[in-house]
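Subject: Structure handover

Hi,

Here is the structure you asked for. My notes follow below it.

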Amino acid sequence: MALSLNLGTPVNTALFLYILYSVQRIIFPTKSTPATIPHEFKAGYSWLPKSHPPAVLYKIYTPKTLEPFNGRDKERILLAINGVVFDVTAGRNFYGPDGMYGNFAGRDASRGMAKQSFDLEMLTPIDQPLDKLDDLRQDEIDNMRGWIDHFSSKYIICGKLVENDSV
Ligand code: HEM
């Protein structure tokens, strides 16, 4: 049976106009980018953040330059375990001024992590050489490594801790 299009019927006319309209939309799409780029969610989707999130730089820290990142003086909180500096800002509840592990913030936490203690005597004063950890037992070293694994899977490694006078 031959298929013929009779534009005389209203349905066919409507379909024909719709097809014409659809084809012209494909060939000449309406501009989807508004004149001004939205920065805030108002009437619809906005795709630009107000400001770029701060980039995390890998840096060399010393006990003295790490200390200000103690959760009181700056927004960021850092701590080091066995020379690896972690950004633990996301764990503010743990490491902030009122956190259970606040002592570790801005400090070399290696010994405390190894010995499972947050006592102040686990910390080496910031003007002294780094804790060599050479008196630790193997199980304490393993415990510290376990914490490094835990922190590596949870926080960003953002630097290395070296002696005060080496930079
Ligand atoms: C009374 C003893 C302790 C209790 C009740 C306790 C409780 C907790 C709890 C509930 C968490 C959160 C676990 C999670 O949500 O993943 C945690 C994490 C942690 N605890 Fe303890 N803890 C105790 C002792 C210690 C000690 C002595 C240390 C010393 C090294 C320690 C170091 C940590 C660390 C480093 C974390 C991980 C925090 C993080 O993920 O950033 N805890 N503890």
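This is a predicted model: local features need pLDDT of at least 70, side-chain atom pairs count only at pLDDT 80 or more; totals for chains, interfaces and linings use all residues.

Gln 128 sits in the loop between H4 and H5. Helices here are DSSP runs of H or I with at least four residues, strands are runs of E with at least two, and both are numbered from the N terminus. Gln 128 is exposed, with 10 other C-beta atoms within 10 Å. The cut-offs: 20 or more other C-beta atoms within 10 Å of a residue's own is buried, 12 or fewer is exposed, in between is partly exposed, and C-beta atoms are placed from the backbone.

Numbering starts from 1 along each chain as its sequence is written.

Overall layout

The protein chain has 5 helices and 4 strands. From the N terminus their order is α-β-α-β-β-α-α-α-β. Of its 167 residues, 19% count as buried. Take the contacts in the protein chain with a separation of 6 or more: residues 24 or more positions apart account for 59% of them. Contact means C-beta atoms, placed from the backbone, within 7 Å.

Helix H1

H1 covers residues 10-27. The expected span is 1.5 Å times one less than the number of residues. The number of buried residues in H1 is 0, so this helix lies largely in the open.

The sheet

The 4 strands form an open sheet, ordered S1-S4-S3-S2, with mixed pairing. Strands S1 (59-61) and S2 (78-81) are at the edges with a single partner strand each, so one side of each has no neighbour in the sheet. The twist averages 40° from one strand to the next. Two strands count as paired if DSSP finds at least two bridges between them.

Pair by pair:
- S1 and S4 are parallel, over 3 bridges. Ile 60 stands opposite Lys 160 in S4.
- S3 and S4 are antiparallel, joined by 4 bridges. Val 84 also stands opposite Lys 160 in S4.
- S2 and S3 (residues 84-87) are antiparallel, again with 4 bridges. Ala 80 has Val 85 in S3 as its bridge partner.

H5 lies across S2, S3 and S4 (156-161), at about 140° to S2. Axes are lines fitted to C-alpha atoms, for helices over the stretch in contact, and angles run from 0 to 180 degrees between N-to-C directions.

The ligand

Which residues surround the ligand? They are Val 88, Gly 91, Phe 94, Tyr 101, Gly 112, Met 113, Gln 116, Ser 117, Phe 118, Trp 147 and Lys 154. Helices H4 (110-115) and H5 (138-154) are the elements that give two or more residues to this shell. By class the shell holds 6 nonpolar, 4 polar and 1 charged residues. Nonpolar means Ala, Val, Leu, Ile, Met, Phe, Trp, Tyr, Cys and Pro; charged means Asp, Glu, Lys and Arg; the others, Gly among them, are polar.

One more loop

Glu 75 lies in the loop between H2 (63-66) and S2. Glu 75 is exposed, with 9 other C-beta atoms within 10 Å. Glu 75 and Arg 92 are 17 residues apart in sequence and 9.5 Å apart in space, C-alpha to C-alpha.

Best wishes

Note on methods: A residue is near a molecule or strand if its C-beta atom, placed from the backbone, lies within 6 Å of it. Two residues are in contact if their C-beta atoms, placed from the backbone, lie within 7 Å.
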